Structures are given as C-alpha cells and as structure tokens.
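Student: I would like to know what the terms used for this protein rest on. Please set each one against its definition.

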Amino acid sequence: MGRIIRNTFSYGFVTLLLAVLGFGIYLFLDDLDGPDIVMVPDTGRISPNQNIELTLSDPKSGVRSVTVTVHRNNQSLVILDTVFNPVAPTQKASFNLKNAGLRDGAFELEITARDDSLMSFGKGNGTTRKWNMQLDTQPPKVRIKSTVPALRRGSVTAIAYTVSEDAAMTGVKLGDSFFPAFLQPNGVYYCFFPFPLDTPKGAFSPELITRDLAGNESRNRVLVNAGERAYRKDTLNISDRFLDAKEDVFKELIPDDASNLERYVRINNEVRIANERKLLEIGKQTAPTMLWSGAFKRLPRSASKASFGDQRTYMHNGVKIDEQTHMGQDLASVAHAPVPAANDGKVVFAEPLGIFGNLVIIDHGLGLQSLYSHMSEIHTSVGATVKKDDVIGLTGTTGLAGGDHLHFGILMHGIQVQPLDWFDAKWIKNTITDRLEAAGAQR
Ligand SMILES: [Zn+2]
C-alpha cells in the first residue's frame with residue numbers, strides 16, 4: 001500500500017518538474033524567428049542617390065540591430081550598422097549607396113536584422129536576406145515620337161513616346177498637376193493632358209517626367225504651340241422664383257440657417273469647389289487603354305444653351321452676387337429627353353453630387369471621361385460597360401439647374417475641358433488619333 005502511495009507521489013513530482021522545466025524552455029525558446037525585413041522600393045535596381053527605407057519588425061522580442069552590406073567581386077562593404085536603443089517591435093532605417101563606390105552593374109545586397117531574445121548566447125535571432133541588385137546610374141532615355149499640334153487654352157492634347165527601359169513612373173507634369181502616361185500594347189506610351197482653362201498661357205510649360213526602377217529621373221520639355229482662346233461673357237439673372245423653387249435642394253446642401261440667396265451663393269462656391277475636388281478623385285479611375293472611338297455623340301435634337309468657358313456674372317434684383325466660369329456645354333431638348341452615352345466606356349460614377357444633381361461619369365480610358373449632369377433619372381450604375389448611344393438617363397433639373405437640360409462635360413484626369421472638340425470627328429482625327437497611330441506605326 002505504502003509503495004503505491006510513494007509511487008503516486010513521485011509520478012506527480014516528476015510531472016510537475018517536467019512541466020516547470022518545459023515552461024522554462026518554452027520561455028527561453030519562445031522567439032525562434034528573427035525580425036521581418038521589408039525594403040521599399042524593392043525593384044532589383046537602384047541608383048546611388050535612391051533612398052531605401054527598411055521596416056524591421058519582431059513583435060515578440062523587439063528589434064535590436066540591423067546591418068546592411070554590399071558584396072561585389074569578393075569585396076564587402078558595410079553600408080549601415082545600427083544598434084537600436086531602445087529596442088522596439090518595429091524599427092525604421094534607411095540607407096543609400098552614395099558612398100559605396102559602386103559602378104553600374106550587378107552586386108549583392110545583404111541585410112541582417114537581430115531581435116532582442118536570448119537566443120544564440122544572447123546575440124538574438126538573426127534574419128539575413130540577400131538581393132541580387134543592379135546599380136543603375138543612367139536616367140531613362142525618352143523619345144517623343146509624335147508632334148504636338150497647336151493647342152488652345154481649355155483643350156486637350158496627347159503625346160506618344162518611348163522609354164529606353166521599364167518606368168516606375170512617367171507622365172506630364174504641369175504646375176502641381178501630374179498627368180500619368182499609359183504603356184500601350186505596341187510598346188509606346190500615350191499621355192493625354194490638358195491646357196487647363198484657368199492656366200495663363202505664360203504659365204503653361206508641360207514637362208515630361210520619367211523615373212526608372214532604380215530611381216533615376218529624366219525631364220524633357222514638351223514643346224507645344226499653345227494658343228489663347230476667347231471665351232464669352234454671360235449674365236445670369238437669379239430670380240426669387242428660382243430661389244424658392246430650389247429651397248429643398250439648397251437646404252440639403254447647406255443645412256445652416258441662411259436665406260436661400262446666401263445658400264445659393266455658398267453652394268455656387270463652397271459646394272462647387274468640393275465637387276470639383278471629387279471630379280479629380282473620380283478621374284483617377286481610368287482604364288489604361290482607349291475604350292472609345294470616333295466622334296462623341298451629342299444629345300440628339302438639342303440646342304446649345306450655354307458653353308464651356310462662359311464667364312458668368314450672377315445678378316439678383318440688379319445686384320451682382322457672384323462670378324463663376326461655366327465648365328460644360330448646356331444642351332436642351334424636350335423635357336426628360338433620353339441621354340445617350342457619348343462614347344464607349346465604363347460608368348465610374350452614378351449618383352447625386354452637389355451642384356451637378358444626378359450625375360453620371362463614363363470613363364473612356366487614358367484619363368478621358370464624359371460627364372452628364374442635372375438628370376431627372378439615372379438609368380445605369382457604377383461598373384456598367386456602355387456603348388455609344390446606350391441610354392444612361394433622362395435630362396432634368398436636379399442640382400443647380402434652372403430649366404430642363406443636359407450639362408455635358410469632358411474631363412481629362414478630372415479637369416473639366418472643352419467638350420465641343422470631342423463632338424468634332426475631324427478635330428479628333430487630326431489632333432489626337434492620327435498622331436498617336438503614326439507614332440505607334442514608326443516603332
Ligand atoms: Zn451647365
């Protein structure tokens with residue numbers, strides 16, 4: 001009996017001892033992995049001035065150190081050797097190869113990061129990653145293959161060009177705006193960009209910027225014969241009848257206490273600016289190829305009521321209350337006339353938006369989009385593929401519209417441009433498609 005009791009005791013003791021020991025080993029061995037290493041950019045190519053950002057993470061033990069070494073022809077050079085104090089789960093480090101004395105060509109990059117665990121006699125767990133890299137000091141060579149026709153303020157043009165190597169980024173920079181180019185299946189980049197209506201002729205100096213995978217940049221002036229275009233002046237009388245009729249719309253957009261007139265002016269300014277910012281955002285949702293062909297379809301049997309670029313003065317009871325530029329083409333047909341898609345594309349917006357009321361935007365690719373506003377009904381939805389002539393809604397008076405009409409717009413990367421050009425098959429052929437096709441055929 002006694003023996004059995006003692007055995008039970010010792011089994012229990014051994015089990016407990018093993019458990020304690022196991023827990024100790026578990027604590028000691030808990031973190032067997034070294035830190036994660038993420039390098040940005042990570043393209044396999046690097047220029048000496050390119051800064052590389054490292055993110056090192058080890059949630060269990062924290063990151064203690066990082067070493068960056070370059071190997072070439074059996075020679076090694078330590079570029080970065082950092083011990084972090086204090087230790088943290090995530091550490092950032094950056095380096096470049098300015099002082100590495102490397103010449104163009106292949107080399108090996110080795111990065112070792114250690115955590116703060118007790119492994120390896122207190123040195124911590126190490127992670128070592130190696131990259132086969134190319135040092136590249138040469139900026140990409142860019143050849144513009146299309147001539148740029150005369151371009152008038154408010155309109156759009158397009159250029160075609162080739163780049164000598166893969167590009168991380170390429171397109172036209174104009175002031176603070178950047179208009180990306182898209183690589184076409186024929187190996188040529190197409191870049192569409194506007195001469196924005198609000199850019200004075202003297203300030204219009206487009207520059208083609210291309211950055212390769214190593215971070216080298218080339219800049220080329222795009223020589224454009226830029227011309228002025230005169231725009232009309234127009235006076236709009238805002239009647240009390242109009243203000244009363246729009247009260248519900250105004251209250252929804254400006255819920256604060258204000259008169260309808262105050263609300264109207266604020267909508268025409270604050271809401272307009274917010275809506276234009278939204279157009280820039282929508283402009284980024286564009287296909288990398290041209291989805292459209294031929295002239296854009298105009299609202300059938302319609303009369304032009306106002307034009308793109310009209311300098312509008314708003315009057316109320318003989319007093320000037322506001323000034324704005326009209327950024328589309330107002331086309332009036334019968335009330336609730338069916339609105340056809342102007343060209344093939346994909347619907348990227350289909351809901352009410354501020355001054356525009358019920359708004360549809362169709363993307364045609366490479367930054368080109370068409371805009372249909374003030375509609376009484378929307379007969380399409382985001383993501384729908386449409387063909388030229390498909391009915392996408394009915395004209396109406398939603399948003400800031402007075403009478404039933406279609407406010408039709410053309411956008412280039414979200415910037416409102418001259419729509420009339422795009423109704424003109426000859427203008428499209430002469431200034432856009434023929435030049436792009438010729439540039440592609442030369443290659
Ligand atoms: Zn309009």
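Student: Which residue in β5 does Val-68 stand opposite?

Tutor: Val-68 stands opposite Leu-80 in β5. The model is predicted, with local features requiring pLDDT of at least 70 and side-chain atom pairs pLDDT 80 or more, while totals for chains, interfaces and linings use all residues. Numbering starts from 1 along each chain as its sequence is written.

Student: What makes β4 and β5 a pair?

Tutor: Strands are DSSP runs of E of at least two residues, and helices are runs of H or I of at least four, both numbered from the N terminus. Two strands pair if DSSP finds at least two bridges between them. β4 (residues 63–72) and β5 have nine bridges, in the antiparallel sense, so they meet the definition. They belong to an open sheet of five strands in the order β2-β8-β7-β4-β5, with mixed pairing.

Student: Why are β2 and β5 called edge strands?

Tutor: β2 (45–46) and β5 (75–88) each pair on one side only.

Student: How do you know that Lys-284 is exposed?

Tutor: A residue is exposed if 12 or fewer other C-beta atoms, placed from the backbone, lie within 10 Å of its own, buried if 20 or more do, and partly exposed in between. Lys-284 has 11 C-beta neighbours inside 10 Å, so it counts as exposed. Lys-284 is found in the loop between α4 (260–282) and β20 (303–306).

Student: What is buried in α4, and what does it pack against?

Tutor: Arg-263, Tyr-264, Ile-267, Val-271 and Leu-279 are buried in α4. The buried residues of α4 pack against α2 (240–245), α3 (247–253) and β31 (406–412).

Student: What is the kink in α4?

Tutor: The bend at a residue is the angle between axes fitted to the seven residues ending there and the seven starting there. In α4 the kink is about 35 degrees, centred on Ile-267.

Student: Why is β31 called mostly covered?

Tutor: Seven of its seven residues are buried. On one side these are Leu-406, Phe-408, Ile-410 and Met-412, and on the other His-407, Gly-409 and Leu-411.

Student: What makes β31 a partner of β23, β27 and β32?

Tutor: The bridges do. β31 has three with β23 (residues 329–332), six with β27 (residues 368–375) and three with β32 (residues 415–417), and the sense is antiparallel in each case. The bridge partner of Asp-330 is His-407, that of Ser-370 is Ile-410, and Met-412 stands opposite Ile-415 in β32.

Student: What makes a group of residues a nonpolar core?

Tutor: A nonpolar core is a set of buried Ala, Val, Leu, Ile, Met, Phe, Trp, Tyr and Cys residues joined through C-beta atoms within 7 Å. The largest has 64 residues, and Tyr-190, Cys-191, Phe-192, Val-360 and Tyr-372 have the most contacts inside it. Strand β11 (residues 156–163) gives the largest share, six residues.

Student: Which residues does a second, separate core include?

Tutor: That core of 17 residues includes Val-63, Phe-107, Ile-111 and Leu-213.

Conventions. Contact = placed C-beta atoms within 7 Å.
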